[in-house]
Amino acid sequence: MIVRSYTDVIKPIEAALSQSERLQIWRREEVETADGDYALCCLRYTPAVPNAPLIYLSAGTHGDEPAAVACALRVLDKLVAGDPIFAQYAWLISPCDNPFGYERDVRENEAGVDLNQAFGAPDCFPQTSFIAASLKGVHVDMAIDLHEDCDSDGFYLWERRPSSRTPIGHQIIQRVERICAINCDPQIEGHPNEHGVITLLDTVGSKGWTRERYLAESIQTGCLILETPMGLDLEKRVRIHLDAIRSVLDLLQ
Ligand SMILES: [Zn+2]
């Protein structure tokens, strides 16, 4: 059953594109399904400052995590408005990677596949193939993948990083805990949780074939996976995601 419209994602994207010459379509591809066609879209923002670090922001891999998609659109708004913190970075933004799931509020794509376990062979599915093609030849300084967790009472994050890189997860948690409870369970999905931070070093495969593992293996990029608790209302979850992203940007300065 359709509960949301992907048009409500595409329209703000088109509006943003028409309002800023710095924002452009990086890659666009039609996916045909038995229930309709969807245009996958990845956007590129070029800041006024040359050689700015590139942030790769992705959302909506899981169709039943709508605050992630709403937050990605909110970041586009900030870039169009020239927000001084956001607009100093270059961005690659994939705002809704599973439009079929998004419209139906289901985790999987039209083939019933959890796309965040399909990056071992990304060419097998149009959505993962699109993501891989979007990242080809790109140097990403920091990747942020937005998710939500319906089983969590608090915010937490996964930090995938090379062992040589200084961690930043706990500094993000310090900021988020001013506005949201943190998940302090000793373990999350079988991984040790240290006050809201689960660390995944290098190319460790214990989380399966996720996007952030693909990023680590294919383009040697660290990634933060942000998880908001779905018991809160949508706008609050969007604000939590935005606050966490903002703290990443502050830490990269
Ligand atoms: Zn998710």
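Predicted model: local features only at pLDDT ≥ 70, side-chain atom pairs only at ≥ 80, totals over all residues.
Let me begin with a pair of helices: the axes of helix α1 (residues 7-19) and helix α2 come within 10 Å and cross at roughly 15°, where axes are lines fitted to C-alpha atoms, for helices over the stretch in contact, and angles run from 0 to 180 degrees between N-to-C directions. That angle makes α1 roughly parallel to α2, because angles under 35 degrees count as roughly parallel, those over 145 as roughly antiparallel, those from 65 to 115 as roughly perpendicular, and the rest as oblique. On the α1 side the contact is made by V9, P12, I13, A16 and Q19, and on the α2 side by V69, L73, L76, D77 and V80; two residues are in contact if their C-beta atoms, placed from the backbone, lie within 7 Å.

Residues are numbered from 1 along each chain as its sequence is written.

Now the chain as a whole. Its secondary structure comes to seven helices and ten strands, where helices (H or I, at least four residues) and strands (E, at least two) are DSSP runs, numbered from the N terminus. The C-alpha atoms of the protein chain fill a box of roughly 45 × 40 × 35 Å along the principal axes. With 253 residues, a compact globule would have a radius of gyration near 18 Å, and the 17 Å of this chain agrees with that; the radius is taken over C-alpha atoms, and the globule rule is 2.2 Å times the number of residues to the power 0.38. Of the contacts in the chain with a separation of 6 or more, 73% are between residues 24 or more positions apart.

How much of the chain is buried? Buried residues make up 45% of the 253 residues, a residue being buried if 20 or more other C-beta atoms lie within 10 Å of its own, exposed if 12 or fewer, and partly exposed in between, with C-beta atoms placed from the backbone. In soluble globular proteins, nonpolar side chains tend to be buried together. Here the largest nonpolar core has 70 residues, and those with the most contacts inside it are A72 and I144; such a core is a set of buried Ala, Val, Leu, Ile, Met, Phe, Trp, Tyr and Cys residues joined through C-beta atoms within 7 Å. Helix α2 (residues 66-80) gives the largest share of this core, eleven residues. Setting aside neighbours within four places in sequence, A72 is in contact with L57, A59, I93, P95 and L146.

V80 also belongs to helix α2, and V80 is buried because 20 other C-beta atoms lie within 10 Å. Beyond its neighbours within four places in sequence, V80 is in contact with A16, Q19, S20 and L23.

The contact is made by Q171, I172, R175 and V176 of α5 together with I240, D243, A244, S247, V248 and L251 of α7.

In helix α6 (residues 211-219), the buried residues are R211, E212, R213, Y214, L215 and A216. What covers them includes β3 (54-59), α4 (126-135), β5 (142-149), β6 (156-161) and β10 (223-229). After α6 comes Q220, with a positive phi near 50°.

Which residues in loops have a positive phi? E189, a residue other than glycine, has phi near 45°; E189 is found in the loop between β7 (187-188) and β8 (191-192), and is exposed, with 12 other C-beta atoms within 10 Å.

I will finish with R104, which lies in helix α3 (residues 99-104) and is partly exposed, with 18 other C-beta atoms within 10 Å. R104 and M1 are 103 residues apart in sequence, yet 5.6 Å apart in space, C-alpha to C-alpha.
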